[in-house]
Amino acid sequence: MLFFQSKASSELQFMSKFLIVVVIMLFSHQGLSQSMRKRTFTWLPAPDSKTNGVAVGLVHSGINDVSDSASTVVNGLTVELFGFGILLPIVPASPIYDGPDSVYRNKAKMDSIISPYNRARSQLNGLVLSGTGLVNRNLAVRGVNISVLNTFTAKTNGLSACVLWNVIGVVNGVSVGIFNSTVQTKGLQIGLFNSTTNLRGIQLGLLNGNGKRWMPFVNWNFR
């Protein structure tokens, strides 16, 4: 009898602790009026906050600026349980080539075109894991980003790997996927089809385009 009472008491204590953790996860993103709130664990990191540890959420596409001076930073592990990457293939036009200064129309304005991607306010530093893929035009990843399906971010410094489509404004490092599309790549693209307007590096794939030429299997530019 005492054994069952002790076991029931242990289970009750475990459930109580579990519920406390869940409540903390759900409400740790509150308090938006505080300036640059710091967390070691957060559920859906809010704008103008910094997490040094673990950030978990269904999607992180909602991380946006609340003002020009606000930013969202995660240093450590970011886990996106679902993500909006599954929606990327149905976008009617390329999300990185748009506006009146499109590189397709004026390559001389490359610096002004990539400038917004270099100024991305939201930053995920470390290891990023996403269910279907990150989708955020104002997001920079510094480290390793692994998405199951697709990725669309402003900038990657490091490695971005997914099964289907990497669509990234600026890559300094390596992008791996069936399709890799960037405005600027300094590093390596590996996939079946690779395209970038401004390349400083190597492309390995069935068909590769770098703004100067299209070539099968291997393409490069170091100037």
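Strand β1 (residues 37–43) and strand β2 (residues 49–57) run parallel and are joined by six bridges. Two strands are taken to pair if DSSP finds at least two bridges between them. The model is a predicted one, in which local features need pLDDT of at least 70 and side-chain atom pairs count only at pLDDT 80 or more, while totals for chains, interfaces and linings use all residues. Residues are numbered from 1 along each chain as its sequence is written, and side-chain values use heavy atoms, with hydrogens and water left out.

E80 has S130 in β4 as its bridge partner.

Read from the N terminus, the order of elements is α-β-β-β-α-β-β-β-β-β-β-β. Of the 223 residues in the chain, 40% are buried; buried means under 20% relative accessible area, exposed means over 50%, and partly exposed covers the range in between, with a 1.4 Å probe and protein chains only. The accessible surface of the chain comes to about 11500 Å², and carbon and sulfur atoms hold 68% of that surface. Such areas come from the Shrake-Rupley method with a 1.4 Å probe, and for residues only the protein chains shown count as cover. Among contacts in the chain with a separation of 6 or more, 25% are between residues 24 or more positions apart, a contact being heavy atoms within 4.5 Å.

Helix α2 (residues 110–118) has M110, I113, I114 and Y117 as buried residues. Seen down the helix axis, the buried residues of α2 fall within an arc of 80°, so they line one face of the helix. That arc is taken from the directions from the helix axis to the C-beta atoms. An α-helix has 3.6 residues a turn, so residues three or four places apart point the same way. The cover over the buried residues of α2 includes β5, β6, β7 (165–176), β8 (179–190) and β9 (193–209).

Strand β6 (residues 150–162) contains T156. T156 has a relative accessible area of 0% and is therefore buried. Not counting residues up to four places away in sequence, T156 touches V141, I168, V170, V171 and N172.

Further along, I190 is found in strand β8. Its relative accessible area is 32%, so I190 is partly exposed. Neighbours within four places in sequence aside, I190 is in contact with S175, V176, G177, N180 and L204. From I190 to I178 the C-alpha to C-alpha distance is 7.9 Å, with the two residues 12 apart in sequence.

Which aromatic pair does a search of the whole structure find? The search finds one, and it is formed by F179 and F193, whose ring centres are 5.5 Å apart and whose planes are at 15°, so the pair is stacked. Rings of Phe, Tyr and Trp (its six-membered ring) pair if their centres lie within 6.5 Å; planes under 30 degrees apart count as stacked, over 60 as edge-to-face and the rest as tilted. F179 lies in strand β8 and F193 in strand β9, 14 residues apart. F179 counts as partly exposed because its relative accessibility is 37%, and F193 likewise counts as partly exposed, at 34%.

Towards the end of the chain as described here, R213 lies over the face of W220, 5.0 Å from the ring centre. A charge sits over a ring if NZ of Lys or CZ of Arg is within 6 Å of the ring centre and within 35 degrees of the ring normal. Strand β10 (residues 214–221) contains F217. Phi of F217 is near 70°, a positive value in a residue other than glycine. Most residues other than glycine have a negative phi. F217 has a relative accessible area of 58% and is therefore exposed.

Definitions and conventions:
Helices (H or I, at least four residues) and strands (E, at least two) are DSSP runs, numbered from the N terminus.
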